[in-house]
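I opened this entry to record what I looked up on the contact between the chains and on the division into domains.

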Number of protein chains: 2
Amino acid sequence: MRVEVINIGTELLFNRVNTNLNLISKILLTIGLKITKCTIVGDDKEEIKETFLKAFEKSDLIIITGGLGPTFDDLTKEAISEALNQNLIFKEEIWNTIIEKFKKRNIFEIPEINKRQAYIIDGSIILENKNGTAPGQILEKNGKIILILPGPPNELKPMLESCINLIKEKFKTHYIITKIFSIIGVPESEVETKLKDIIEENKENFIILAHPNLIELVLTLPENLKDKFYEIESIIKNRFGINYLGVDIPPLPELIGKLLKEKKLKLAIAESCSGGLACKLITDIPGSSEYFMGGFVTYSNILKKKILKIPKTVLKKFGAVSEQTAIYMAKNAKKYGKADISVSFTGIAGPTGATLEKPVGMVWIGICYKKNLYARNFIFQGDRQTIRERAVYKGFELLREIILKNGKKS
Amino acid sequence: MRVEVINIGTELLFNRVNTNLNLISKILLTIGLKITKCTIVGDDKEEIKETFLKAFEKSDLIIITGGLGPTFDDLTKEAISEALNQNLIFKEEIWNTIIEKFKKRNIFEIPEINKRQAYIIDGSIILENKNGTAPGQILEKNGKIILILPGPPNELKPMLESCINLIKEKFKTHYIITKIFSIIGVPESEVETKLKDIIEENKENFIILAHPNLIELVLTLPENLKDKFYEIESIIKNRFGINYLGVDIPPLPELIGKLLKEKKLKLAIAESCSGGLACKLITDIPGSSEYFMGGFVTYSNILKKKILKIPKTVLKKFGAVSEQTAIYMAKNAKKYGKADISVSFTGIAGPTGATLEKPVGMVWIGICYKKNLYARNFIFQGDRQTIRERAVYKGFELLREIILKNGKKS
């Protein structure tokens with residue numbers, strides 16, 4: 001069975017594509033469906049029609065997102081309506097809902113243009129949009145399902161989820177189980193070399209995804225072979241030891257959060273080069289206030305001295321990017337942050353600021369936990385953002401390692 | 001002229017699509033080219049072949065990214081080679097470069113599998129990859145240009161840039177100027193209503209992009225009409241006043257940075273609900289150490305008291321999410337952060353933590369600058385990430401406003 005996604009948007013608006021495709025892909029995987037192909041076209045009626053008709057000819061499930069806004073350049077519904085030769089009809093009930101939504105935001109003079117959002121393709125079923133004004137639509141034709149959804153991810157998500165059972169029933173999808181095994185601190189080619197035998201054996205079902213500091217092995221198996229997952233997991237565990245993170249684990253910041261919660265530990269973070277990124281990633285997780293005390297973004301040396309009390313002599317003798325500073329940062333973040341464990345980051349994120357001894361990408365990461373107080377040095381490749389991201393993920397990796405090695409709070 | 005981008009990756013790996021498309025689109029715009037269509041297909045040879053042949057038939061410039069890794073599931077080159085009926089040939093020089101790169105990373109036993117990266121399509125020109133091991137390729141055929149580039153954005157970017165002149169020469173592109181006018185603090189439909197006349201008049205050349213707290217009007221005009229930009233800008237300026245941000249401005253955090261630098265102001269930030277995001281966005285900008293002192297991510301109430309010295313009585317009487325707390329946070333962030341200006345964020349990012357009086361999305365933003373010390377209350381819609389993002393961008397908006405209204409450092 002083929003699944004196609006068509007993203008409608010201008011050729012400049014790709015910001016949502018990533019989020020939306022990840023969302024759609026994840027939701028479809030729960031019923032064993034994978035996206036075969038995805039196309040992004042601009043708000044160009046002819047281009048949308050042609051892309052849609054090609055997808056409609058070849059695929060069974062077609063998910064169209066975006067281009068449902070009120071403005072003149074939103075043409076998705078017009079294009080699909082023409083392609084299918086089914087009229088657009090005005091729905092009073094949708095218009096009333098839109099009026100209600102504007103009222104809630106204290107807007108009583110609704111731009112006339114918003115009326116465009118109250119039209120749907122004749123024969124389709126309205127999908128309610130709880131987070132926005134543009135409703136979605138679901139259409140069945142020639143044994144196929146066509147879904148038309150708005151572009152904003154928070155609107156799209158619940159709407160797609162509400163259709164998932166219908167899609168499952170319709171296509172009687174072969175139930176498939178997907179497991180993701182995560183490995184940390186090992187390059188992609190080493191993972192593949194070490195697992196050559198099992199990858200060869202399950203070639204059709206394996207996908208390797210390389211993230212910064214993390215490799216994911218995605219294994220998809222039919223339900224009747226599910227025992228194989230345990231077999232394969234024990235092999236991976238065996239070959240990668242502490243570098244094996246687990247199966248179907250949440251992203252590293254969430255994993256760290258779980259670990260901290262489980263061990264009843266409070267975390268504090270001191271950041272220089274990472275500039276708040278580590279705190280941001282930790283607090284992305286709802287409920288992080290349970291284990292996150294706070295962070296010291298001591299970007300300037302003055303604040304390193306005044307707030308984190310790094311001795312002037314240390315900064316002068318060894319510099320802000322040094323083992324000693326990283327250690328002090330971690331130690332005092334724990335102390336002043338009233339925490340049990342801490343991590344610190346100080347380095348050269350670039351593109352400027354490098355010296356002969358301290359190249360762009362050099363980062364010292366400090367750890368303070370129980371009797372452990374140390375800093376480790378890394379040189380990360382990439383641009384400013386990549387270096388910062390890799391440093392922070394490496395810091396999380398070190399946090400995980402030290403917690404696992406040292407059991408619970410003393 | 002048609003431009004197509006084909007992203008090759010597994011159906012799970014959409015993380016780079018967004019970044020890559022933005023990059024490619026931006027680079028192509030400099031020579032007046034727009035992406036007509038973009039397709040994402042998995043590492044499936046037949047699917048890649050079919051997609052490529054369709055693009056090759058219809059389009060003039062085809063940019064293919066991804067699937068050039070060393071592992072078995074990277075099939076891009078094989079697919080294009082078969083589609084064009086041109087062999088893959090091993091290039092000793094590429095292999096030597098790969099060996100050198102591994103040596104630099106202190107790896108001397110190079111996995112045999114990496115040899116796959118040393119093959120290119122017969123007749124193509126090698127594009128050097130300074131940031132990774134997979135080289136790119138450029139091919140001319142039937143008056144068309146085919147570019148094959150690696151997936152990682154930091155590898156792709158310089159490689160595409162190095163081809164841009166060649167593409168320009170080849171297609172003698174009609175030189176086109178693009179200007180982006182940014183408007184802040186006004187909803188999309190209001191922007192369109194207020195500018196109805198000029199949008200109607202330039203319908204073909206206008207694109208409206210709605211970001212959180214920011215609307216971009218993208219106007220594309222042939223060079224001989226470039227005076228029209230000034231005309232249109234003065235209309236927009238006139239109708240939106242202080243809400244008009246400017247033309248071709250950098251992202252808001254960078255704009256704030258420029259403003260701070262220009263006015264010789266030092267910034268400090270106090271964050272609760274935004275958890276480091278504001279600091280992260282400010283320090284995303286290279287050189288931000290010139291104006292950013294640091295941030296206090298006082299996620300817990302203990303740190304609000306201990307680090308930012310918010311009086312216990314204030315927290316007890318009004319709560320952490322209150323006008324009073326936001327004001328104290330801003331005031332003390334400025335004081336202890338040794339800064340001239342500060343912004344603070346405290347609110348309910350959700351999904352939990354709401355009360356009857358303080359719903360999810362309620363955020364107090366505090367500002368302290370010269371004699372100005374105040375906090376404003378907002379209720380942002382959306383999920384946790386959206387609320388945090390909107391709050392931070394609104395804070396930046398308030399920073400900009402207060403600086404513009406108050407001239408330079410006293």
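How many residues does the contact take from chain A and from chain B? I noted 67 residues from chain A and 67 residues from chain B; the model I examined is a predicted one.

I then looked up which elements of chain A supply the side that touches chain B. Those with at least two residues there include helix 1 (17-29), strand 2 (37-41), strand 10 (206-211), strand 14 (292-297) and helix 14 (384-406). By class, I recorded 28 nonpolar, 26 polar and 13 charged residues on that side of chain A.

Strand 14 received an entry of its own. I found three bridges that join strand 14 of chain A to strand 14 (residues 292-297) of chain B, and the two strands run antiparallel. Within this pairing, A:Phe296 has B:Phe296 as its bridge partner.

Next I checked how the two chains are related. The same surface serves both copies, since 100% of the contact residues of chain A recur in chain B.

Last, I turned to the domains of chain A: domain 1 (3-171), domain 2 (176-247) and domain 3 (252-406). Over C-alpha atoms, the centres of domain 2 and domain 3 of chain A are separated by 30 Å. Their contact takes six residues from domain 2 of chain A and eight residues from domain 3 of chain A. On the domain 2 side I listed four nonpolar, two polar and no charged residues.

Methods: Residues numbered from 1 in each chain as written. Chains lettered and ligands numbered in written order. Predicted model: local features only at pLDDT ≥ 70, side-chain atom pairs only at ≥ 80, totals over all residues. Contact = placed C-beta atoms within 7 Å. Helix = DSSP H or I, 4+ residues; strand = E, 2+ residues; numbered from the N terminus. Nonpolar A, V, L, I, M, F, W, Y, C, P; charged D, E, K, R; others polar. Pairing = 2+ DSSP bridges. Domains from an automatic or database assignment.
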